Amino acid sequence: MALSGLDIFKLLPKTNCGECGVPTCMAFAMKIAQKKAELSSCPYASEEAKAALGAASEPPVRRVKIGGGGGLEVGGETVLFRHEKTFFHPTGIGLEIRTSQGEEKTREDIRQLESYQVDRVGEVLKANLFFISHDSEDKAALLRTISLVKESSTKGLIIDCPQEEALREGLELLPGDRPAIYLRRPLAEKDIEMAKAINASLVITASSHQDLAEQTEKARTGGLTNLILNCPGEGLAGGIQNNAILRRSALKKSFKPFGFPLFARIADEDGFQSLAASAALLCKYASIIILPRFDKALLYTLFTLRQNIYTDPQKPIQVDPKVYAIGDPTPDSPVFVTTNFSLTYFIVSGEIENSGTSAHLVVCDTEGQSVLTAWAGGKFVPEKIAKFIKDIKLEEKVNTRKIVIPGFVAQISGELEEKLPGWEVIVGCQEAADIPSFVKSVKLA
Amino acid sequence: MSFEIPRETNPGKIVEVTIGATAAQGGTRSRSVTIGGSTALPFYFFEGLHPHAPVVAMEVFDRVPAKYPDSLREYYQDVLDSPGEMARRCVDDFGAEMVSVRLEGTHPEKGNRSAEEAVEVVKAVLAAVDVPLIITGHSHFEKNNEVMRKVCESTAGENCLINYVETNNYKTIAAACLAYHHALVAQTPIDVNMAKQLNILLADMSFPQDRLVMDPLTGALGYGLEYSYSIMERIRNDGLAGDRMLAFPMLITPGVECAKVKESRAAEKDYPSWGDEKRRGAYWEIATAMSLLLAGADLLIMDHPRAVEVVRKQIAEMFHSTKEEGRGSLRT
């Protein structure tokens, strides 16, 4: 169980030396309790304190790393619902490669996934993993596939190989690469030793909760905590419920055997079913999702969902403050101003587009706040808007001298005109949905 | 180490709302549809009841929406101007369990059709299909009130779902629903407190609880989905925890929201990294629908036939696999 700030305070030296960077031991204890500081910052912590806090500060869901530099860290989650705080480590998305599929297809799969990355709202979205499934008897095919991936990719690697000798030889090709080993059968002592020897993690599969708990206990007892859990159940409903049960057990009951990231491998149906299952599991705690085939449209959709679900609800996504071209604007097209809260930007730009008008959209830096919040917080005020418009040299980019502000900040129009000599400020509509009718009713440029 | 499933029993239960009326119930529908009734989080069959599976409706309209996507046009091209025909296609060919009639063409700036014309459209759809109807209006208060009042009156007995009222404009339409016995959607902009407040206002009018559906407003994938998702999760959690003013079934609108989004419809040749636009159009709607189903959606208004097929199949499989084995396919 987590210790309270007061519990932690009792374990500290109570000298208020400040060497940890926090003025008092009490404040430091509070920070540890909120997981904003670690005991290791205190040079005088007793062994007793370390032991007590070590057990208590073990995260309810372990962080597990797969791969080296370009690899993936998953887990470390602390809440069941993103609105309670946030989800921390976005789901790793991977592609399955079967060793029976032939070298040509394997090369093509690797090339496609490796080269696929896309910018969305200022974030680079890409896949994180390859999952090699050894479904032939041909050891050479496994070794070849591993080599091919290693040659051209820094993504994490998960290997599913039921043949022990082939697996050992395969892993020898990956020194220092922290692969994950996917087990089709129940965990054995030798698996623990093998994983520990090369710092690999294990994906443990079980069809019942009890079986899964026993296997992870065995691994933990054997000193291995880089575990990933796979408890698929029957159909999508089984997967969702198992994930919910495992995660709730870990977070609400401190049930250590289930305090690990969760795994999902998507069956090879058509892309539509694959996407539906992936989307549902992404929302319900899957830290790793392995897709059966490369499909750009599917990946793009799933990346976008991952971006949405893993956005910190307290830190809205921002778009870059600058002038955005909506449609195909010319220097004579109208100019709109708004804030850089991503949702505001999306809705406003979408509605301008819907109106059929091309326009310049000036997006001011309001630290990601929406129009009214930013105005109230002094971030979307005449002085700052005028300065931004001067900084970006808008006068040189457009011929019009009319600028449309959101209807909710009508009160700033006079002052903004004073600060922007030569410009006429037009008060727009309050709701973005009304932009299409607004542009019809007012001459804007 | 022995493990026991941590089951949570919720004090609350989501209200059951029935839409549509058969001849025996005073209408002309072949069957009615019931949503709600859950006592646990969506698809958590292991700790509660879900007596009714979420329902998928499809949408027809009195005016083809501006920028109607090509990916949908190919399914409806020949019937876009005929709401009755389009409704029949949605039900017979695409499996719609309900039909929403969107009366956007009555908006003063979008055609300004009269209330009488709207009634004709609704009647044509009622005659063409025998599933329960949703009647969807718009944000022009004055005109919408006039249209909805007439539509409510002329469909008396059918127990339609009238979509929607909002905080600044609910009395006229709610009164019409009371008078002519229809169910009602209370729409609020992605905010738990505003949702609750509107439900309380409606309760103050003695609007019956078992005829009320909430629409917390759908943000499409990539366009505010995360806000809708979290607001819906909070509303559902609060409803199950016993807040009766939040314990209503929830409506979402992935169809119309995704159709607006450039990323769901732009061609691959212009945006190569977005992938094939034909599949992407359906994918966008599927991802929006599936994630919001997990957040608590009970009724979905969708557009893309392929997305409808896939989402209905997923819902059916999830309900089937778990009903057969009681507590579901979970082995402890």
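The legends below describe close-up views of a predicted model. Residues are numbered from 1 along each chain as its sequence is written, and chains are lettered from A in the order in which they are written. Local features need pLDDT of at least 70, side-chain atom pairs count only at pLDDT 80 or more, and totals for chains, interfaces and linings use all residues.

**View 1. The overall fold of chain B.** Chain B contains 11 helices and 10 strands; helices (H or I, at least four residues) and strands (E, at least two) are DSSP runs, numbered from the N terminus. Its C-alpha trace spans about 70 × 55 × 35 Å along the principal axes. Of its 332 residues, 56% count as buried, that is, 20 or more other C-beta atoms, placed from the backbone, lie within 10 Å of the residue's own.

**View 2. The domains of chain A.** Chain A is divided into domain 1 (5–57), domain 2 (63–309) and domain 3 (323–441), with bounds from an automatic or database domain assignment. The C-alpha centres of domain 1 and domain 3 of chain A lie 49 Å apart.

**View 3. An open sheet in chain A.** Five strands of chain A form an open sheet in the order 13-15-14-16-17, with mixed pairing; two strands pair if DSSP finds at least two bridges between them. Strand 13 (323–326) and strand 17 (424–427) of chain A are the edge strands, each pairing on one side only.

**View 4. Strands 13 and 15 of chain A.** Strand 13 of chain A runs antiparallel to strand 15 (residues 359–364) of chain A, and 4 bridges join them. A:His360, in strand 15 of chain A, is the bridge partner of A:Ala325.

Methods. Buried ≥ 20, exposed ≤ 12 C-beta atoms within 10 Å, placed from the backbone.
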